[in-house]
Amino acid sequence: MKTYLVTGGAGFIGSNFVKYMLNKYNETIRLIVLDKLTYAGNLINLESELDKVVFIKGDICDQETIKAVFEKEEIDYVVNFAAESHVDRSIENPQLFMQTNILGTQNLLEISKKNWQIDDDVYKESVRFVQVSTDEVYGSLENEGYFTENTPIRPRSPYSASKASADMIVQAYIETYKYPANITRCSNNYGPFHFPEKLIPLIIKNVLEGRSLPVYGDGTNVRDWLYVKDHCKAIDLVLHKGKQGMVYNVGGHNEKQNIEIVRIIIDIVKNFMVEKPSYQTILKTELSKINYELIRFVKDRKGHDKRYAIDPTRIKCELGWYPETKFEEGIVKTVEWYLENQNWVDSVASGEYKEYYEKMYKGR
Ligand SMILES: NC(=O)c1ccc[n+]([C@@H]2O[C@H](COP(=O)([O-])OP(=O)(O)OC[C@H]3O[C@@H](n4cnc5c(N)ncnc54)[C@H](O)[C@@H]3O)[C@@H](O)[C@H]2O)c1
């Protein structure tokens, strides 16, 4: 039975990955989820999985914690999702991003290397580290072109600079020590369990509450959106079939301007309210007030990247990956998930979710 260490597994993508892997491999894998439970870590995301995984509250920067995990468990795979992930917060407090995203990654690399290495440049069979990175490391595009794996790294925010630095350290381990690793660089994800400070869940929440919908600048910045399950599928493929040391871009050719996303969400919420009037009990505003007039253009984010767009040819050709969920379906599913899971949204908004760990693990 293979053992996976999933760091940051209580966050948005990490928790979706845990569900994906348990569903796909059923009882045939062992998952150790390690998460510091920062404001973005929400153990309720794993409520249905807690009896099927080992959960450890811990910091990837802490050497003793990570050493103890490797001493106790025979780890075959590490998937590093753990990160500070919000660009706006990185502009306010860059240092935390450098600590977790860079030094935390290096700590994981070093301790796993020591545990996996048999001889100079020789490692245990079929061990692998996947660094979950982002298309933001490539910087910003104008209207034309796509990021390939050969595009030079040109990060422009403290967040993307910290992720790019981590990528370079992973690459240094690959080159210097022949360390068994891959890097995935994915475009913007959307789907269930997305923390409501990010664009899509924030807009859904605000629409339901009849609040204004803040859009940076003129709203024409472009992001390339991928349904989170398709990202999880890509990571699973890279873990098991990725060529040693290779970087894989992951994206579904789903470019949308931010303003388009906001309008699409308004339309979908409105449709749901009309087609399923029982949802209207969730509304904290009148149905007639759900319209484009809620949109408010606000001062642009500092250094706001204009456009991201991924060329996923390598992962498609080499590993046979393709995105299964069309944006038009995925975004409706996502809005519906938020409508159906208002308890989750409320527990995040009230901060109650932070008590869940204590509740579950007190006295253990
Ligand atoms: N969300 C996206 O669109 C996107 C796209 C491409 C890549 N990524 C990358 O994927 C990863 C996951 O992103 P996400 O959106 O799920 O982020 P998230 O903020 O929802 O989750 C991050 C998780 O990491 C945990 N964490 C933070 N610091 C930690 C530490 N020091 N030790 C242990 N755990 C810690 C948090 O508690 C949280 O559970 C990140 O590395 C991010 O850079 C995200």
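Me: What makes both faces of strand S4 (residues 77-80) count as covered?

Reply: In this predicted model, Tyr77 and Val79 sit on one side of S4, Val78 and Asn80 sit on the other, and all are buried. The cut-off for buried is 20 or more other C-beta atoms within 10 Å. With buried residues on either side, S4 is covered on both faces.

Me: Which strands does S4 run parallel to, and how do you know that they pair?

Reply: Pairing takes at least two bridges found by DSSP. S1 (residues 2-7) is joined to S4 by 4 bridges, and the two run parallel. S4 is also joined to S7 by 4 bridges, again parallel. Both counts meet the cut-off, so both pairs stand.

Me: What does Val79 touch beyond its neighbours within four places in sequence?

Reply: Val79 is in contact with Tyr4, Val6, Phe17, Val130, Val132, Ile235 and Leu239. Contact here takes C-beta atoms within 7 Å. Val79 is also one of the residues with the most contacts inside the largest nonpolar core, along with Val6, Phe17, Ile204, Ile235 and Ile265. That core has 86 residues. In soluble globular proteins, nonpolar side chains tend to be buried together.

Me: Which way do the residues of strand S12 (residues 247-250) point, and are they buried or exposed?

Reply: Val247 and Asn249 point one way, Tyr248 and Val250 point the other way, and all are buried. S12 runs parallel to S8 (residues 181-186), with 4 bridges joining them. In one of these, Ile183 has Val247 as its partner.

Me: Why is Ala166 called buried?

Reply: Ala166 has 27 other C-beta atoms within 10 Å, and the cut-off is 20 or more, so Ala166 is buried. You'll find Ala166 in helix H5. Not counting residues up to four places away in sequence, Ala166 touches Asn101, Ile102, Thr105 and Gln131. Its C-alpha atom is separated by 34 Å from that of Lys362, 196 residues apart along the chain.

Me: How do you know that the length of H5 (residues 158-177) agrees with what a helix should span?

Reply: H5 has 20 residues, which at 1.5 Å a residue should span 28 Å. The expected span uses one less than the number of residues. The end C-alpha atoms of H5 are 28 Å apart, so the two values agree.

Me: Where is Leu37, and what makes Leu37 partly exposed?

Reply: Leu37 is in the loop between strand S2 (29-35) and strand S3 (54-57). With 18 C-beta neighbours inside 10 Å, Leu37 falls between 12 and 20, so partly exposed is the call. Leu37 also has a positive phi, near 55°, and is not a glycine.

Me: Why does His240 count as exposed?

Reply: His240 has 12 C-beta neighbours inside 10 Å, and the cut-off is 12 or fewer, so exposed it is. His240 lies in helix H7 (residues 228-241). From Pro201, His240 is 39 residues away in sequence and 32 Å away in space, C-alpha to C-alpha.

Me: Which residues of helix H6 (residues 199-209) are buried, and what covers them?

Reply: They are Leu199, Ile200, Pro201, Ile203, Ile204, Val207 and Leu208. Their cover includes S9, strand S10 (213-216), helix H8 (258-275) and helix H10 (327-340). After H6 comes Gly210, with a positive phi near 70°.

Me: Which residues come nearest to the ligand, and which element gives the most to the shell?

Reply: Of the 30 residues around the ligand, Gly8, Gly11, Ala40, Gly41 and Ala83 come nearest. H1 gives the most, with 3 residues. By class, the shell has 13 nonpolar, 12 polar and 5 charged residues.

Definitions and conventions
Residues are numbered from 1 along each chain as its sequence is written. This is a predicted model: local features need pLDDT of at least 70, side-chain atom pairs count only at pLDDT 80 or more; totals for chains, interfaces and linings use all residues. A residue is near a molecule or strand if its C-beta atom, placed from the backbone, lies within 6 Å of it. Ala, Val, Leu, Ile, Met, Phe, Trp, Tyr, Cys and Pro count as nonpolar, Asp, Glu, Lys and Arg as charged, and the others, Gly among them, as polar. A nonpolar core is a set of buried Ala, Val, Leu, Ile, Met, Phe, Trp, Tyr and Cys residues joined through C-beta atoms within 7 Å. Two residues are in contact if their C-beta atoms, placed from the backbone, lie within 7 Å.
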